[in-house]
Amino acid sequence: MTLPGRGLAIKLEASLAHDMREYVEVFQRTFPDKKVAYRVIADGVAICLGKQYLNLAVGLGMDTHVTAAHLDQLESLFHEYDIPPYIEITPFTDAEFLHLMAMQNYHVRAFTTAYFHPLDTIPATPSDIVVLPIDDAQRNIWIETVMDITADDTATSTHLATSVTYRPHTTCFLAYLDDVPVGASALSIRDNIATFYFTATRQAYRNRGVQAAMIAARLHYAKDHDCEMAFATTIPGNNSMRNIIRAGFHVAYSRCMMQKEA
């Protein structure tokens, strides 16, 4: 039986850090004209894809002592892109690392919650929504579906969405209602952990159970591919959080994004 705690947090954050590193590698191959980079630091990774893209450090200080030299390495990468350093931490992050950030004028920017699903019992979710993995011919449809968002949704870009479809260890899904693509999502599998991400529902089809159907389909896919658990993060209080909990996910730990003052 899997229980929340330090061991689970270390495992999930390590998987996420590896995913982020791979994301940069795929982004770089897919868009060689873009300046992107990652840097492995202690037991985590810092990634920079440029302004208005994905820029953050994850996994640091979970199972390794983080020093001032490590923090300098991290900050130098962000400075190359003229972006304030963003670092995601957990309740299990190295205490000295937290002290270093406090001394260097980092402050809380945002919170997320990490959830896990042990895949032992997957609730039945009868639905008219059909969710299927995509093939290469459906790549553009998947990207178009992800991009059918409004300005107040989680920031994304065509470059980010396209890179997802080329990532190894990743499966992208399209949700259909009456043969019309109405939702898109993805999961990556690493070390028997299925990480859920890039979940989007077309604006005209929201509040019709599309996200719930995509969550259920990915849970079954993860179980069928011998995963030991599924992993997802959400912003506290949003619709994704409610759908995740209804699907049987459990709270693993809280996460906090720290940003350095200019």
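Helix axes are lines fitted to C-alpha atoms over the stretch in contact, and angles between them run from 0 to 180 degrees between N-to-C directions. Helices (H or I, at least four residues) and strands (E, at least two) are DSSP runs, numbered from the N terminus. The model on screen is predicted, so local features need pLDDT of at least 70 and side-chain atom pairs count only at pLDDT 80 or more, while totals for chains, interfaces and linings use all residues. Residues are numbered from 1 along each chain as its sequence is written, and side-chain values use heavy atoms, with hydrogens and water left out.

**Stop 1: two helices**

Select helix 1 (residues 6-30) and helix 5 (residues 158-165). Two packed helices are described by the angle between their axes and the distance between the axes. Here the angle is about 105° and the axes are 9 Å apart. Helix 1 is therefore roughly perpendicular to helix 5, a label for angles of 65 to 115 degrees.

Now show the side chains. Y23, V26, F27 and T30 of helix 1 meet H159, L160, A161, T162, S163 and V164 of helix 5; contact means heavy atoms within 4.5 Å. The residues of this contact divide into 6 nonpolar, 4 polar and no charged. In this count Ala, Val, Leu, Ile, Met, Phe, Trp, Tyr, Cys and Pro are nonpolar, Asp, Glu, Lys and Arg are charged, and the others, Gly among them, are polar.

**Stop 2: the cores**

A nonpolar core is a set of buried Ala, Val, Leu, Ile, Met, Phe, Trp, Tyr and Cys residues joined through side-chain atoms within 4.5 Å. Buried means under 20% relative accessible area, exposed over 50%, and partly exposed in between (1.4 Å probe, protein chains only).

Select L12, M20, L74, I87 and W142: of the 59 residues in the largest nonpolar core, these touch the most other members. Helix 1 gives the most to this core, with 9 residues. Center on M20. Leaving aside neighbours within four places in sequence, M20 is in contact with V45, I47, L54, L56 and V58. Another core, of 26 residues, lies apart from the largest one, and includes L119, F173, L187 and Y221.

**Stop 3**

Go to M101 in helix 3 (residues 95-103). Is M101 buried or exposed? M101 has a relative accessible area of 1%, so it is buried. Beyond four places in sequence, M101 is in contact with I87, I89, Y106 and M258. M101 and M258 are 157 residues apart in sequence, yet their C-alpha atoms are 8.4 Å apart in space.

Next, select H70 in helix 2 (residues 68-80). H70 counts as buried because its relative accessibility is 18%.

**Stop 4: strand 5 and its partners**

Two strands pair if DSSP finds at least two bridges between them. Strand 5 (residues 106-117) pairs with strand 11 (residues 250-260) in the antiparallel sense over 10 bridges. Find F111, whose bridge partner in strand 11 is C256. Strand 5 also runs antiparallel to strand 10 (residues 229-234), joined by 5 bridges. There T113 stands opposite T234.

**Stop 5: two loop residues**

Most residues other than glycine have a negative phi. D179, in the loop between strand 7 (170-177) and strand 8 (180-190), has a positive phi near 70°. D179 is exposed, at 73% relative accessibility. D191 lies in the loop between strand 8 and strand 9 (193-201), and its phi is also positive, near 50°. D191 is exposed, with a relative accessible area of 60%.

Methods
Parallel < 35°, antiparallel > 145°, perpendicular 65-115°, else oblique.
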